[in-house]
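Dear colleague,

I am handing over a structure that will be new to you, and below it you will find what came out of going through it. Please keep it open beside this message as you read.

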Amino acid sequence: MIEVVLSVGTVDLLEKPTDWVWDGGRPSIDFVNTLRRKRIAPVDTIDGVEALHKWLITSGILKSSTDREPVVAAAIALRHSLDHLFEQRLEFEDISRINTWAALRPTEALTADLKIIDSVPTVSMKNALGFIAYDAMLIVKEGLLNRVRECGSHDCGLKFLDQSRGGNRQWCSMRRCGNRAKVSRHRASL
Ligand SMILES: [Zn+2]
């Protein structure tokens, strides 16, 4: 029992609700997950252009040398629409917003010395958001929308792409909520 309780302490030390998590399985899902604890006490980890810029760089979507752009409000609106998409409750404005952003996605380019320049990491925050919107569209195109699930823990709210063979993944991560559930089951059995 001591070992199990200690592991809860470790998880708490490892992560705060203000931290970013990368368990979504796709960039667009990780982006939606920047709003933490959505069901009980929402914590928005994108609280300004610095945070958005840093998140995009940390995710590998944006080049670190890129300028800041005033796109935070638009990014938050896109995140809201992507959340609606993943919950399959799209409204008209969500559809047009996702389409508009996806059209701004970066494209590969041919150079004079016959090379193809990769489109990611992108060189503008708008391109990066376009990449995220298009990633969500690809989830639909690949027939995976029904595999986007929300963590089974009542206070978590994180989403993930369930890539388990049986399609029965329950937790955003075993290390986080899976472990918490294990501990509370263990306590209940005492
Ligand atoms: Zn969770």
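Two residues are taken to be in contact if their C-beta atoms, placed from the backbone, lie within 7 Å. Please bear in mind throughout that this is a predicted model.

With that cut-off, and leaving aside its neighbours within four places in sequence, Ala 136 is in contact with Ser 28, Leu 82, Leu 85 and Ile 98. Ala 136 and Leu 82 also belong to the largest nonpolar core, which has 33 residues, and they are among the members that touch the most others, together with Ala 128, Leu 129, Ile 132, Ala 133 and Cys 172. Two or more residues of this core come from each of helix 2 (27-32), helix 3, helix 4, helix 5 (92-102), helix 6 and strand 6 (159-161), and the largest share, 9 residues, is given by helix 6.

Helix 3 deserves a separate look. Spanning residues 49-58, helix 3 has Leu 52, His 53 and Leu 56 as buried residues. Seen down the axis of the helix, these buried residues fall within an arc of 100 degrees, so they line one face of helix 3. What covers them includes helix 4 (72-86) and helix 6 (125-141). Just after helix 3, Gly 60 takes a positive phi of about 90 degrees.

Some backbone details in the loops follow. Arg 37, in the loop between strand 1 (35-36) and strand 2 (43-44), has a positive phi of about 50 degrees although it is not a glycine; Arg 37 counts as partly exposed because it has 15 C-beta neighbours inside 10 Å. Gln 88, which is found in the loop between helix 4 and helix 5, has a positive phi of about 55 degrees and is likewise not a glycine, while its 10 C-beta neighbours inside 10 Å make Gln 88 count as exposed. In the loop between strand 4 (116-117) and helix 6 lies Pro 121, and the peptide bond that leads from Val 120 to Pro 121 is cis, with omega near 5 degrees.

Is Arg 165 buried or exposed? Arg 165 has 6 other C-beta atoms within 10 Å, and a residue is exposed if that number is 12 or fewer, so Arg 165 is exposed. Arg 165 sits in the loop between strand 6 and helix 7 (174-188), and from Leu 82 it is 83 residues away in sequence and 25 Å away in space, C-alpha to C-alpha.

With kind regards

Definitions and conventions. Residues are numbered from 1 along each chain as its sequence is written. This is a predicted model: local features need pLDDT of at least 70, side-chain atom pairs count only at pLDDT 80 or more; totals for chains, interfaces and linings use all residues. A residue is buried if 20 or more other C-beta atoms lie within 10 Å of its own, exposed if 12 or fewer, and partly exposed in between; C-beta atoms are placed from the backbone. Helices (H or I, at least four residues) and strands (E, at least two) are DSSP runs, numbered from the N terminus. The arc is that of the directions from the helix axis to the C-beta atoms. A nonpolar core is a set of buried Ala, Val, Leu, Ile, Met, Phe, Trp, Tyr and Cys residues joined through C-beta atoms within 7 Å.
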